[in-house]
Amino acid sequence: MTLTASTPADERPPRTRRSGRRRPAPTVEPSRPLTSAQRMVRRIPLLPALVITIVVTQLPFLVTLWYSLQDWNLQRPDERGFVWLRNYTDAFTDSRFRDAALNTVTITAGAVIISMVLGLGCALLLDRKFFGRGVVRTMLISPFLIMPVAAALLWKYAMFNPTFGLLDALPGLDGIDWVSRFPKASIISTLVWQWTPFMMLITLAGLQSQPGDALEAAKVDGASAWQTFRWITFPHLRQYIELGLLLGSIYLVQTFDAIFSITRGGPGTATTNLPYYLYQSAFNQTEIGYAAALGVVTVVGTILVSTFALRVVSSLFTGSDVMAK
Amino acid sequence: MLRRNRWVTAALAVTTAAALAACSGAGGGGGGGTEGGGTISVAMVGNPPMQELEKLTADTFTKDTGITVKYSVLPENELRDKVTQDIATQGGQYDAVTIGAYEVAIWAKNGWLTDLKPALDGAAGYDNADVLPAMREALTIDGKQYAAPFYGESSFLMYRKDLLAAKGITMPAKPTWQQVEQIAARLTDRKNDMAGICLRGLPGWGELGAPLTTVVNTFGGTWFDKDWNPRVTSPEFTAAATFYVDLVRKYGQLGAPSAGFSECLTALGQGKAAMWYDATSAAGPLEDPATSKVVGKIGYAPAPVYRTESGGWLWTWAFASPKTSKKADAAARFIQWATGKEYQALVGQKVGWAQVPAGNRTSLYANPEYLKAAEPFAQATLDQINSVDPADPGLQPRPAPGVQFVAVPEFADLGTKCTQELSAAIAGRSTVADALTKCQSLAEDVAADNK
Amino acid sequence: MTAVTDTRTEGAVTEPPAPRRRPRRGNPLWGVLAWLVGGLFFFPVLWMAITGLRAESDAASSPPTVFAPPTLTQYREIFDRDLLPYLINSAFASVFSVLLTVLLAVPAAYALSLKPVEKWRDVLFFFISTKMLPVVAAIVPIYLTVKELGMLDNIWTLVVLYTAMNLPLAIWVMRSFFLEVPAELLEASALDGASLRVQLQHIVAPIVSPGIAATALICFIFSWNEFLFALNLTSTTAGTAPVFLVGFVSGEGLFLAKLCAAATLVSLPVLLAGWVAQNKLVRGLSMGAIK
């Protein structure tokens, strides 16, 4: 499955607003065309990484395509057979599959947006000078460093559990069965807890890179704190926020550990997202053929969405340089 | 460049440490099963009796036989997924695995399990005839025994004798579900955080699915009739599911939709519930002062019934050996040891008689030391197990074996998805009728595969 | 930490770094609020550590008791259940995959920056696009292939998979460091007749080396924490720490205190690494976009 964004950045004029001055091409590009031998030599350092990535990420997809045309339940090995596109027609009429896609969007968007808002708030606090700033920063990044499975189990059993969870001990909140009454919110809050530090680190980097003179000037002009934030800080932060949202989405759309550990997709199918539904089809139902078809549809959908996302990436990573340069 | 050097040094140090560790043999891998003929791999659920087994292995079994046992301990769902995956793909990673009666029927049909009958019947001192008949039958298909029970259980009703006495209630010798509902109504005291009854609500065919199906059975319902017609929306099934959901909603524990065995054990053990219908194996931890605050206050009654004579389920965690194992002999020796009388005596001496894996052997229930330790519940457990007829658990003939399950591969998924719907009904997010309509259509797909 | 964008001019090397803004000082109440928020986020971590020090029946009491007598029983239990091999497996898989990733990513990043191949942009986006594909969709074919190769339950399988999993990230991060190498300096040294080796050693290496640390840290975190592959591809020999952890969830009996103790232990290496190397985190996490 290749996804070369051949690519929006090419067709686009350089975004001068963002990159003060754009480099013509990365680095020491000689002006004369390279000979084919030179081109080969240049490829050599790239090849090992490229080969291993293709072998591990692309070949399985081809195999998945092949499986998706078969009726194959692992537990009925004698009945394996070729069914062409039947798995696909099943997939498109499978309302659980559609629900899973919707849940994926809700959970990803919810977690990414909320952790960005909280992360930005934390970053604004940490951008000030106060006693013990380093300690607070260390405390704040800790949730991100906890193993995701551990975090999920911790929240499930030590926080949300209506009998012996910690939330149960808060006055007025006892006896609420968080996970079954608010399943999506429970998953999202676990994710938010883990990803707020991530957003904070990115927006904090943005805040600390603000040119001091602009802020000084604003102060001299008598701008209020809100005005300074709205007209100077926020425009500067915007690209950091976009970057955070994008990277957060890339990581969180794959959320599996939290759902597997906390709700197993339930109650009903309230928290079954695409990764979990695929897993369920493959390893609970052991319907390898059908799971493969679901996988193919998901991958195609992901490509459509991420082609769009890549356009955003390439603009974020500044014009033709793609990267932070 | 001081900083750089520091990083390089650190990286080198870590690498060296890891390499040394790898060489010392703990995790370096290297070709799966090829190393050391004296090592077998065992996958099992992480229940307390298995944890004891893991701890006792090195000093006894390995010492006596020279066979090293490597364990992979997982929660029930993960274990089932993984072992299914391994056996179905002929992965050959495990020499012995814990499985239940559900898998035995399906996997034996696929020819995936070794027939242990010769090894068990022939072993000196193993006394296969001593294994409880209900358990042995559940693991035997066409005269071949594919697994040996490590421990077994049925289900019964546990109740707080003191709370019932305080209200002047006596538990009938053979309660019906209607009587249980009335008692639950009188014992529920929301102000003091006391639920009348604790019942599983956690999705999963082996979680909520198990007690629910026994209620369905005794209400005269069934998942499928003998011709594989799904009967999930039948009046009997609907009545049973409605009864169960209403009972737990009205008088059940807090957090019912996500409560399984552990949550109910906590609820009853910490004095937050007055009754609990669940596995007979719950009695051990309830009578253990380390985990329970209600030791000695619990009474044990048979599984409640309605239209059938007996209402309990039948489950066993049993050791089986996949045919893909290359060390069948060592695996058989391990299984003989783990499910034998001597192991029970060993646990009795080393850990305590109340912790002995029970429900698998007749002789255990004649052992005075065990009876002394398990006095409150031993007889109730044995009676309950013996009262279950795995071949005929309800009011009608069934298309496949199983009391609280239907032994076809698709049932795990059907049961899990369907209990997800019913768990949502318990949470008040949907109705029983809606849930069962969805279940029925799922059941029709399963039926189509089996007709 | 400079910005995503490059506001520097072509000959930026000699230019002094942009003046760092001094953090604002103001109402001390904001500091108090920051402490409160920090405490709030940190509290679950602390609670996990505390719960691991309790007896099971105290951990399961309702409402939770704050001052239950501490005990090391749970930690002893965990070591009794042979935590060590799992930790060693995790260390092995993480360290070797990090080494491999760096070995592969550094040359690749070089070929996508200083001496770029044609279509380097497509290649770069190809790498990042693999991060967007659902891993779960590939797990069945990967499982079956690994089985055919006889590599199930082998720690090297995880090493290879983690390497492929982290490569895109590593390449992007490393590339951002290579781009910091001043082109003019390279050109000038080339004119002076410096060999490639000399160029790499004296101009490129000093700038790129810190990048290796940032890359290694972030790859280490992701490898150590990985669960899905570890769960599906290992059994009794090559199991890693997350797999060990879920084994504590039991269908029967109480396990909260043991679980928390185990969770604390297995999270510790990454927690410590992250604390110590905080300043490397941002660049790695943002795939090099933020310096």
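I take a residue as buried if 20 or more other C-beta atoms lie within 10 Å of its own. The model I am reading is a predicted one, and I keep that in mind for each entry below.

**Entry 1: chain C.** With that cut-off I looked up chain C, where 60% of the 291 residues count as buried. I then went through its secondary structure and found 13 helices and zero strands, so that reading along the sequence gives α-α-α-α-α-α-α-α-α-α-α-α-α. For the contacts in chain C with a separation of 6 or more, I noted that residues 24 or more positions apart account for 79%.

**Entry 2: chain A.** I applied the cut-off to chain A as well, and of its 325 residues 50% count as buried. Its secondary structure comes to 14 helices and two strands, and among its contacts between residues at least 6 apart in sequence, 73% join residues at least 24 apart.

I also checked the record: an unreviewed UniProt entry carries the annotation "transmembrane region" for residues 46–69, 105–126, 138–158, 187–207, 240–262 and 288–310 of chain A. I looked at two of these stretches in the model. Residues 138–158 of chain A are 90% helix and 0% strand, with the end C-alpha atoms 23 Å apart, while residues 187–207 of chain A are 100% helix and 0% strand, with the end C-alpha atoms 30 Å apart.

**Entry 3: the two domains of chain B.** I find chain B divided into domain 1, made of 40–146 + 315–373, and domain 2, made of 155–313 + 391–450. Their C-alpha centres lie 27 Å apart, and the contact takes nine residues from domain 1 of chain B and 14 residues from domain 2 of chain B. On the domain 1 side, α3 (76–88) and α4 (101–109) of chain B each supply at least two residues, and α4(B) gives the most, with three residues. Sorted by class, this side of domain 1 of chain B has five nonpolar, three polar and one charged residues.

**Entry 4: a sheet in chain B.** I traced an open sheet of three strands in chain B, in the order β8-β7-β9 with antiparallel pairing. Because β8 (275–279) and β9 of chain B stand at the edges, each with a single partner strand, one side of each is left without a neighbour in the sheet. Neighbouring strands of the sheet are turned by 30 degrees against each other on average, with direction ignored.

Going pair by pair, I found five bridges joining β7(B) to β8(B), and in β8(B) the bridge partner of Phe156(B) is Asp278(B). Strand β7 (residues 155–160) of chain B also pairs with β9(B) in the antiparallel sense over five bridges, and here Arg160(B) stands opposite Ile298(B). Is β9(B) enclosed by the rest of the structure or open to the outside? It is largely enclosed, because four of the five residues of strand β9 (residues 298–302) of chain B are buried.

**Entry 5: Leu414(B).** This residue lies in helix α17 (residues 411–426) of chain B. Why does Leu414(B) count as buried? I counted 25 C-beta neighbours inside 10 Å of Leu414(B), and the cut-off asks for 20 or more. Leaving aside neighbours within four places in sequence, I find Leu414(B) in contact with Leu442(B), Ala443(B) and Val446(B). I also noted Leu414(B) and Ser441(B), which are 27 residues apart in sequence and 10.0 Å apart in space, C-alpha to C-alpha.

Notes
Residues numbered from 1 in each chain as written. Chains lettered and ligands numbered in written order. Predicted model: local features only at pLDDT ≥ 70, side-chain atom pairs only at ≥ 80, totals over all residues. Domains from an automatic or database assignment. Contact = placed C-beta atoms within 7 Å. Nonpolar A, V, L, I, M, F, W, Y, C, P; charged D, E, K, R; others polar. Buried ≥ 20, exposed ≤ 12 C-beta atoms within 10 Å, placed from the backbone. Pairing = 2+ DSSP bridges. UniProt positions renumbered as here; feature names shortened; annotations may be inferred. Axes fitted to C-alpha atoms, helices over the stretch in contact; angles between N-to-C directions.
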